[in-house]
Amino acid sequence: MELARLVAVSREVGDTRARSRKIALLTDAVRELDATERDVGIAYLAGEPRQDRLDLGPAAVHGVDVPPAERSRLHLLDVDTALQAIADVPAGTGSRTTRVGHLHDLLARATSDEQAWLRALVLRELRQGALAGLLIPAIAAAADVPEVAVRRASMLTGDLRATARLALEGGSAALDEVRLRVGVPLEPMLAATAPHVAAALEGRERVLVEAKLDGARVQVHRDGDHVLVVTRTLHDVTHRVPEVVEAARALPVRSIVLDGEAIAFDRRGRPRPFQETMQRFGRERELAEVRAEVPLEVRFFDVLHLDGGDLLDRPLAQRRRALEAVVPSALRTRAVATGSVTEATSFVAEVLRSGHEGAMVKDLSAPYEAGRRGASWRKIKPVHTLDLVVLAAEWGSGRRRGWLSNLHLGCRDDRYGPGAASEGDGLVMLGKTFKGLTDEVLRWQTEALLERETAREGHVVRVRPDLVVEIACDGLVRSTRYPGGVALRFARVKHYRPDKDVDGIEPLSAMLAIHRGERLPEL
């Protein structure tokens, strides 16, 4: 295939809104690829080069100034050969100059449109709306095979190019032969959201209600002594989480693939703030030092493969029994199987009192649908509804320029006497939010807050604290930034309450009770 043809398809797909039209364009392009260029063509349609690393940054790529060719002379394999030459340059003195030279030669053979497309490809910045979500149905249509078979094979191989090759050369039979491979990460199964426990159980006789931990999702592959740990986005973090590796190696199995959460607990056994858990995944300091500061634990909730047998298509009830057979209870998420809303609600309340963020309700008859957000898993994250007061607001930027947007929110410090809040004393800031604000609310609140303005500090407008706002939040976390010692987590505005008096807003003692797990949201 000529590069010009693929560039034209890429542009048209990016300019087209209709999903069906995008898929049709991609289907035609996939059909046109011959066997020698399928891997390259599929990679390019997905918006990335076939090579894992090219080691060329924006300055180098955009710094190559070469006149475009008058007519296209490039084919897909010409481009792949040039990019492979760049990838093969060994590290060392002069390597960057050599890579740039190869790129110069490639761009010199490309038209203006092709040059722009190639630069974006090298930088992995193509915006063409043709990622796997569209390529999977396109490959299925081009090969005349069921889309579900392509999707499943892609999930198991972790390689869309290999999946396309199987579909186009071997059809459904080749796709059906694909099995999970230990050491090849899978896209994790995701959950839909339910507003409350009763809704999550609706239509199901019996479910597994499971603690939802506020940790980092991990997928663990073990084959003998070799262990691989990846994140939800399939990034390899094995070297950063030795506790997880040790836990996996201690299991009485030869090979296993597990789904779970890595999480840090405090001395009381309560989960530490999510940010502290995530420190372990983003810090390059000496591991022993970081491990001592933020020790991790792991809790597994699913098993996808066990000693040579795939469990993906087995119902959750069977997978849970397999999990319980090889993973000790200390390393499993707490769960209860029930069909009772009352029992499930009681379990969720206990989970919340333990400091966790909510619960998962899972259909015991459902298989593991990797990469899908289906109704067989439903998450419940109860929220707190709080009446707080606006202490200040910040001028917005972008599309909110000219409006007061980011709100500074406070509660009543009940260590002061009655009436202190209405006098402007005894108020404690809990955090900020700009979420949940429609254009209409932004206009109204800008006028209302400017009427209450008392001072300005740069982009911050201080206001008379008498405007009550009802917000929803996921809870409160420990904070050294605010005087009350706690801060709102994921706060968003529900609506203003001009009918309420500031002396009736939430007290600091209630905020601390939420943080301790003593005050629970409605279930």
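**View 1. Helix α12 is largely enclosed by the rest of the structure, because six of its eight residues are buried.** Buried means under 20% relative accessible area, exposed over 50% and partly exposed in between, with a 1.4 Å probe and protein chains only. The buried residues of α12 are Pro242, Glu243, Val244, Val245, Ala247 and Ala248. Helices (H or I, at least four residues) and strands (E, at least two) are DSSP runs numbered from the N terminus. The model is predicted: local features need pLDDT of at least 70, side-chain atom pairs count only at pLDDT 80 or more, and totals for chains, interfaces and linings use all residues. Residues are numbered from 1 along each chain as its sequence is written, and side-chain values use heavy atoms, with hydrogens and water left out.

**View 2. Five strands form an open sheet with antiparallel pairing.** The strand order is β4-β3-β5-β6-β7. Two strands pair if DSSP finds at least two bridges between them. β4 (226-231) and β7 (309-310) stand at the edges with a single partner strand each, so one side of each is left without a neighbour in the sheet. β7 pairs with β6 (residues 296-306) in the antiparallel sense, over two bridges. Gly309 of β7 is the bridge partner of Leu306.

**View 3. Helices α12 and α15 against the sheet.** Helix α12 (residues 242-249) lies across β3 (216-223), β4, β5 (255-264) and β6, and runs at about 130 degrees to β4. Helix α15 (residues 316-326) packs on the sheet, where it touches β5 and β6, and its direction makes about 125 degrees with that of β6. Contact means heavy atoms within 4.5 Å. Axes are lines fitted to C-alpha atoms, for helices over the stretch in contact, and angles run from 0 to 180 degrees between N-to-C directions.

**View 4. Lys212 lies in strand β2 (residues 207-212).** Lys212 has a relative accessible area of 16% and is buried. Not counting residues up to four places away in sequence, Lys212 touches His356, Glu357, Gly358, Ala359, Met360, Lys379 and Lys381.

**View 5. The whole protein, for orientation, holds 18 helices and 19 strands.** Its C-alpha atoms fill a box of roughly 80 × 60 × 50 Å, taken along the principal axes. Of the 523 residues of the protein, 52% count as buried. Among contacts in the protein with a separation of 6 or more, 72% join residues 24 or more positions apart.
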